[in-house]
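Take a moment with the chain before reading on. Then follow it step by step.

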Amino acid sequence: MRKCIYCSCEVGHDSVIDFCERCGTNVWGEKMFRTIVQNMENARDNEDLCSTNMPSNSAEQPIEGENSEFR
Ligand SMILES: [Zn+2]
């Protein structure tokens, strides 16, 4: 179970941040806190895309390389 690093209250395990919304707002202010959460979520989404794209990319590339070597 993940806990807030500031007040040790429970944080959702799918949360991208290690602290609760209340502490985040206290530390950064509401606007900055939301920006940080947004950035973290974007970064996580990009990582997910990369890890799902990589296997198909690496599978395609060797075939292309073989073809160009043949010519
Ligand atoms: Zn907290």
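What percentage of the 71 residues of the chain count as buried? The figure is 4%. A residue is called buried if 20 or more other C-beta atoms lie within 10 Å of its own, exposed if 12 or fewer do, and partly exposed in between, with C-beta atoms placed from the backbone.

Two notes on reading the model come next. This is a predicted model, in which local features need pLDDT of at least 70 and side-chain atom pairs count only at pLDDT 80 or more, while totals for chains, interfaces and linings use all residues. Residues are numbered from 1 along each chain as its sequence is written.

Now the overall layout. The chain has two helices and zero strands. Both kinds of element are DSSP runs, numbered from the N terminus: helices are H or I runs of at least four residues, and strands are E runs of at least two. H1 covers 21-28. H2 covers residues 30-70.

Next, the contacts. Two residues are in contact if their C-beta atoms, placed from the backbone, lie within 7 Å. Take the contacts in the chain with a separation of 6 or more: 9% of them join residues 24 or more positions apart.

Start with the segment before H1. Cys 4 lies there. Why does Cys 4 count as partly exposed? Because it has 18 C-beta neighbours inside 10 Å. Set aside the neighbours within four places in sequence, and Cys 4 is in contact with Cys 9, Val 11, Phe 19, Cys 20 and Cys 23. Look at the last of these partners. Cys 4 and Cys 23 are 19 residues apart along the chain, and their C-alpha atoms are separated by 8.1 Å.

Cys 9 is also in the segment before H1. Cys 9 has 11 other C-beta atoms within 10 Å, so it is exposed. Beyond the neighbours within four places in sequence, its contacts are Lys 3, Cys 4 and Cys 20. From Cys 9 to Cys 23 is 14 residues in sequence and 9.9 Å in space, C-alpha to C-alpha.

Ser 8 belongs to that segment before H1 too. Its phi is near 65°, a positive value in a residue other than glycine. Ser 8 counts as exposed because it has 11 C-beta neighbours inside 10 Å.

Finish in H2, where Gln 38 lies. Is Gln 38 buried or exposed? Gln 38 is exposed, because 11 other C-beta atoms lie within 10 Å. Val 16 is 22 residues from Gln 38 along the chain, and their C-alpha atoms are separated by 9.3 Å.
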